[in-house]
Number of protein chains: 2
Amino acid sequence: MPDRKPITQLNYELVTLGDELLLGLTVNSHLSFIGQQLGRHGVTLRRNVTITDDAEDIAAQFRESWARSDVVLMTGGLGPTCYDRTREVVAELLGQKLVFHPEIEKAIELRFARNGRKMTPNNLKQAYAFERGEVLPNPNGTAPGLWVEQDGKVLCMLPGPPNELQPMFNDQVLPRLAALGLLMEREAYVQVRTAGIGESALEHKLQPVFDRHRGGLVVAFCAHAGQVDVRLSSPTGKFGEPQLRQVAAECAILLGDDFMCFGHDSLAMICADALRAGDYTLAVAETATGGLLADAFANVHGASKCFAGGCVCYSNESKSQLLEIPDEIMMQHGAVSPETAVAMATGAAEKLGADYALAITGYSGPCGGGGKENPVGTMYLALYSPGGVWSRKLCYPGPRSTVKQRAINAALDWLRRELVRGAGCSDGSVHSHCG
Amino acid sequence: MPDRKPITQLNYELVTLGDELLLGLTVNSHLSFIGQQLGRHGVTLRRNVTITDDAEDIAAQFRESWARSDVVLMTGGLGPTCYDRTREVVAELLGQKLVFHPEIEKAIELRFARNGRKMTPNNLKQAYAFERGEVLPNPNGTAPGLWVEQDGKVLCMLPGPPNELQPMFNDQVLPRLAALGLLMEREAYVQVRTAGIGESALEHKLQPVFDRHRGGLVVAFCAHAGQVDVRLSSPTGKFGEPQLRQVAAECAILLGDDFMCFGHDSLAMICADALRAGDYTLAVAETATGGLLADAFANVHGASKCFAGGCVCYSNESKSQLLEIPDEIMMQHGAVSPETAVAMATGAAEKLGADYALAITGYSGPCGGGGKENPVGTMYLALYSPGGVWSRKLCYPGPRSTVKQRAINAALDWLRRELVRGAGCSDGSVHSHCG
C-alpha cells in the first residue's frame with residue numbers, strides 16, 4: 001500500500017494505449033471519465049500519458065510511470081490480438097509470472113456461447129493474470145481487468161472499450177482504492193458554475209471575495225462556450241471543505257443571476273428543474289444547431305415530464321410544413337432573421353401546446369453566411385414565454401461546433417434567467433418583438 | 001532542423017497542459033485535432049503527455065520530452081494569468097532569454113480596443129517571445145504562438161483555446177513543418193471504412209487479403225459504435241502508397257456492401273451524397289436519440305439540398321401533434337414499437353414531402369425501459385423509401401451515449417445500403433411492415 005501521504009499529494013498516473021488516440025481517430029474518453037471520477041473523490045490525476053501499442057514504448061513508459069507514481073492506471077492492450085502485448089511486458093517489469101486462470105477461460109467461453117459463437121484460441125491470452133494480483137471480472141467483455149499491489153504501489157489495468165471500462169472502474173476499482181485509503185469522501189474542489197458572464201469580467205467581479213481569503217486558496221477558471229466554471233481548492237489543506245463552501249457561497253451571492261449552480265449540473269438540467277417546479281412544458285425549434293438544442297433536454301434524466309419535443313427545420317419549406325410559419329415571414333425577412341426566429345418559437349409552442357419555447361436560426365458555418373449583415377456565426381434566438389416572445393441576435397466567430405454550442409448555451413441561459421425571475425420581459429435582451 | 005530520418009520514424013510529441021483535462025472537465029480536443037492533422041500528413045504522433053499547470057511539473061516534462069523528441073508541440077499555459085508560467089520555464093531550459101516585442105503589445109492593445117476594453121498590465125506577459133525564435137501571430141486571441149528551431153529539433157508552443165489553436169496550427173504550423181521536410185504529402189495510413197459488420201467477423205473476412213500481403217503490412221482495427229475502420233500502414237516503408245491502396249481495394253471488393261468508403265467520410269455524408277445523386281430528399285423523426293440523428297445530417301456540408309428536417313417527438317402527444325400519428329397506434333402498440341416507428345417514418349416523409357425517411361424510437365437508458373420485452377437499450381428503427389416502409393428491432397447494452405450512437409449508425413447504414421442497392425426491400429432486415 002502506498003505510504004500515508006495526504007491524499008491530495010498522491011501521484012496518480014493514467015497511461016492510455018492506442019494508435020487511434022494518437023491519430024485523433026478516437027477521443028480520449030478514458031482521461032475524461034477517470035479524471036472526473038477521481039476528481040469526485042478528492043484526487044487530481046497528476047499525469048496522463050498516451051502512447052502507441054508498440055511493446056517497447058509500453059515497457060519504457062511503464063518503467064517510468066511505476067517509478068514515480070503511487071497509483072498507475074493503464075487502459076487498453078488487454079485484448080486477444082497479437083498486438084496486445086501489454087500484459088506480458090508489464091509482468092516482466094514487475095518480476096511476476098503470468099498464471100493461467102481456468103475460470104477466466106470459462107467466462108470467455110460462456111460469453112462467446114451466449115452470442116452463438118465459438119471462442120478462438122487467441123482469446124486464451126486473456127485468461128492469464130499476474131501470479132500475485134487480483135482479477136477484476138468483466139461482465140461486459142472478454143478481457144478481465146488486473147489489479148496488483150506491490151512495492152507500496154497500486155497498478156490497475158483496464159480493458160479499452162468504454163462500455164467495459166466504465167462499469168469496472170466504478171464498481172470494482174473505486175471501492176478497492178477507497179478501502180486502501182487512497183480516496184477522499186469529497187470532491188477535489190468546490191465548483192461554482194456561472195453562465196452569461198465572460199471569464200475576465202467574472203474574475204474582476206469575484207476579486208473582492210478572493211482577496212478576503214488570501215493564502216492557501218487556489219482559484220481556477222474553465223470556460224465552455226459561454227459558460228465559465230470557477231473551481232476553488234486548497235491543495236495544501238489550509239481550507240477545509242466547509243471553508244471552501246463558504247467562499248463558494250460568497251461568490252454566488254455576489255454573482256446574482258450570473259450564478260448558475262454549485263457542482264456539475266448542466267444548463268438544460270437547471271432549466272428542466274425550474275420548468276418542473278412551475279409545472280411548465282417546453283418546445284424547441286432549430287435550424288443551424290441541427291438537433292443539439294433538443295438533445296440537450298433529451299439528455300436530462302426524466303425530461304419527458306417537461307420537454308415536449310422539437311423541430312429541426314432544415315429546409316425553408318420545413319418551417320411552414322412543421323410549424324405552419326407563414327411563407328410571407330420568410331419571404332419578407334429571410335430564414336435568418338429575428339422575425340423568423342420569433343415565428344419558429346411561437347409555432348413550436350403552439351404546435352406542441354407548450355408554455356415556453358426556444359428557437360435558434362442562423363449560419364453556423366463554415367460557409368453559406370448571409371452577407372455583410374449576417375456573416376457566418378450569426379444566430380437569432382427567440383424565447384416564447386407566457387409573458388411574451390422576444391428575439392435576440394448573437395454573433396460568434398469560431399469553428400462550427402463552437403458556434404453551435406455557444407448559441408445553445410445562450411438560448412438555455414436566456415430561458416434559465418427567465419424562469420428564475422418569473423414571467424416578464426427578460427432584462428438586457430434586444431426586444432425585437434414583445435407581445 | 002531535425003536529422004534526416006525517414007518521416008515515419010520521427011518522434012513527434014504533444015504536451016498538453018491543464019488541470020481541467022486531468023479532472024475530466026474538458027475533453028482533450030488538442031490531441032484529437034493535432035493527431036488527426038499530423039496523421040493526414042504521414043506522421044503518427046509518438047506520445048501525448050497531459051500534465052498540471054504546475055511550473056515544476058512543466059519543467060520536468062519539457063526536459064524529458066525535448067531530450068527524446070524531434071518535434072515537441074505544447075498547448076496551453078501562454079495566457080496572462082499568474083498561473084501561466086510555461087514561457088519562462090521553457091526559456092530557462094532552452095538557455096534562451098525572453099525578449100519584449102512591442103508589435104505584439106500593440107496587437108493585444110488593438111484587440112482589447114476592438115472589444116471596447118482596456119488592456120490590463122498582466123497581458124504584457126504575452127508580448128515576450130524567445131530571443132532566437134519566431135512569433136506566430138494569433139488573429140483570434142491575445143497570446144501568440146512561439147516557434148523555436150534549436151539543437152536539431154523544433155519546439156512549437158500554441159495557445160490553449162481550440163478556436164485560436166486550430167487555425168494557427170493549420171495556417172502557420174503545418175506549412176513550417178512541411179518547409180523543413182518534416183511532413184509527407186500523404187496520410188500515415190490508408191483507411192477502409194466499413195459499417196454493419198463486427199470487428200471479429202471483419203478480421204475473419206479480410207484474412208485472405210492480409211495473408212497475400214504478409215510482412216511489412218500493419219493492420220489495425222478501430223470500432224466506433226457499430227462502424228469499424230481498418231487502417232493499413234507500413235511503418236518500415238516496405239509498402240508504398242500505391243501498394244497500400246491496392247490492398248485497400250482488395251478489401252473493398254471482398255467486403256461488398258459492408259464496405260463504406262476509403263478515408264474519413266461519415267455515414268451521413270455518404271447517405272447525403274447518394275441522396276443528392278438521385279435527387280432525393282430525406283426527413284427524420286426520433287425520440288430516444290434526442291435530435292442527434294438530425295444533427296448527423298445537419299453537419300454534412302451542403303446538406304440543405306437533400307435534408308428537409310426532422311422532428312424530436314419526446315412526449316407521446318408530440319407524435320400526433322407534429323407528425324399526425326393516430327393516437328390508436330400508440331395506444332395499441334406503445335410508443336416503443338415497430339408500428340410506432342413505421343408511423344413516425346411515414347409521418348415525417350409525408351409531412352416534409354420527402355422521398356426517404358428514417359425514424360428511431362426506443363429506450364436509451366439509464367432507466368425507464370419497457371419491461372422484459374423491451375429492456376433499456378431497445379430501439380426500433382424504421383426506414384421509409386419509395387419502395388416501401390420497414391422496421392427493425394435492435395438491442396444494445398451499454399451507456400446511454402453509446403446506445404444512442406449505435407442506433408443512429410444502424411439507421412444511417414440501413415439507409416446507405418438501401419440507396420446503394422436502389423429501391424426495394426433491403427436484405428436481412430426484419431420486415432414488420434412492407435407496403
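Trainee: At roughly what angle do the axes of helix H7 and helix H8 of chain B cross?
Mentor: First, a caution: this is a predicted model. Now the general idea. Two packed helices are described by the angle between their axes and the distance between the axes. Here, helix H7 (residues 199-212) and helix H8 (residues 241-255) of chain B cross at roughly 140 degrees. Their axes come within 10 Å. That angle makes H7(B) oblique to H8(B). The crossing is right-handed.

Trainee: Which residues make the contact of H7(B) with H8(B)?
Mentor: H7(B) supplies B:Lys205, B:Leu206 and B:Val209. H8(B) supplies B:Val247, B:Glu250, B:Cys251, B:Leu254 and B:Leu255. By class, that is 6 nonpolar, no polar and 2 charged residues.

Trainee: Which strands does H7(B) lie across?
Mentor: H7(B) lies across strand E9 (190-195), E10 and E11 of chain B. The helix runs at about 155 degrees to E10(B).

Trainee: What is the strand order in the open sheet of 4 strands in chain B?
Mentor: Strands of a sheet pair through backbone hydrogen bonds, either parallel or antiparallel. In this sheet the order is E10-E11-E9-E12, and the pairing is antiparallel. Strand E10 (218-224) and strand E12 (259-262) are the edge strands, each pairing on one side only. From one strand to the next, the twist averages 20 degrees.

Trainee: How many bridges join E10(B) to E11(B)?
Mentor: There are 7, and E11(B) covers residues 227-233. To find your place, look for B:Phe221, which stands opposite B:Val230 in E11(B).

Trainee: Which residues of H9(B) and H14(B) make the contact?
Mentor: From H9(B), they include B:Leu267, B:Ile270 and B:Leu275. From H14(B), they include B:Leu412, B:Arg416 and B:Leu419. The residues of this contact divide into 10 nonpolar, 1 polar and 2 charged.

Trainee: What do E7(B) and E8(B) form?
Mentor: They form a hairpin, with 2 residues between the strands. In the turn, B:Asp151 has a positive phi of about 55 degrees. E7(B) and strand E8 (residues 153-158) pair in the antiparallel sense over 5 bridges. Check B:Gln150, which stands opposite B:Lys153 in E8(B).

Trainee: Which strand is joined to E7(B) by 3 bridges?
Mentor: Strand E6 (residues 134-136) of chain B, and the two run antiparallel. E7(B) spans residues 145-150. B:Glu134 has B:Trp147 in E7(B) as its bridge partner.

Trainee: Now the two chains. How many residues of each are in contact?
Mentor: 58 residues of chain A are in contact with 59 residues of chain B. The side of chain A that touches chain B has 26 nonpolar, 26 polar and 6 charged residues.

Trainee: What rotation superposes chain A on chain B?
Mentor: A rotation of 180 degrees, with 0.0 Å of shift along its axis. The RMSD is 0.1 Å. That is the relation of a two-fold axis.

Trainee: Why do the copies meet through the same surface?
Mentor: Because 100% of the interface residues of chain A are also interface residues in chain B.

Trainee: Which strands of chain A and chain B pair with each other over 3 bridges?
Mentor: Strand E14 (residues 307-312) of chain A and strand E14 (residues 307-312) of chain B, in the antiparallel sense. A:Val312 has B:Gly310 as its bridge partner in E14(B).

Trainee: What is the order of the open sheet of 10 strands?
Mentor: The order is E17(A)-E16(A)-E15(A)-E13(A)-E14(A)-E14(B)-E13(B)-E15(B)-E16(B)-E17(B), with mixed pairing. Strand E17 (388-395) of chain A and strand E17 (388-395) of chain B stand at the edges. Each has a single partner strand, so one side of each is left without a neighbour in the sheet. The twist averages 10 degrees from one strand to the next.

Terms used. Residues are numbered from 1 along each chain as its sequence is written. Chains are lettered from A and ligands numbered from 1 in the order in which they are written. This is a predicted model: local features need pLDDT of at least 70, side-chain atom pairs count only at pLDDT 80 or more; totals for chains, interfaces and linings use all residues. Two residues are in contact if their C-beta atoms, placed from the backbone, lie within 7 Å. Ala, Val, Leu, Ile, Met, Phe, Trp, Tyr, Cys and Pro count as nonpolar, Asp, Glu, Lys and Arg as charged, and the others, Gly among them, as polar. Two strands pair if DSSP finds at least two bridges between them. Copies are superposed by least squares on the C-alpha atoms of residues with pLDDT of at least 70 in both. Axes are lines fitted to C-alpha atoms, for helices over the stretch in contact, and angles run from 0 to 180 degrees between N-to-C directions. Angles under 35 degrees count as roughly parallel, over 145 as roughly antiparallel, 65 to 115 as roughly perpendicular and the rest as oblique. A crossing is left-handed if the near helix is turned anticlockwise from the far one by less than a right angle, and right-handed if clockwise.
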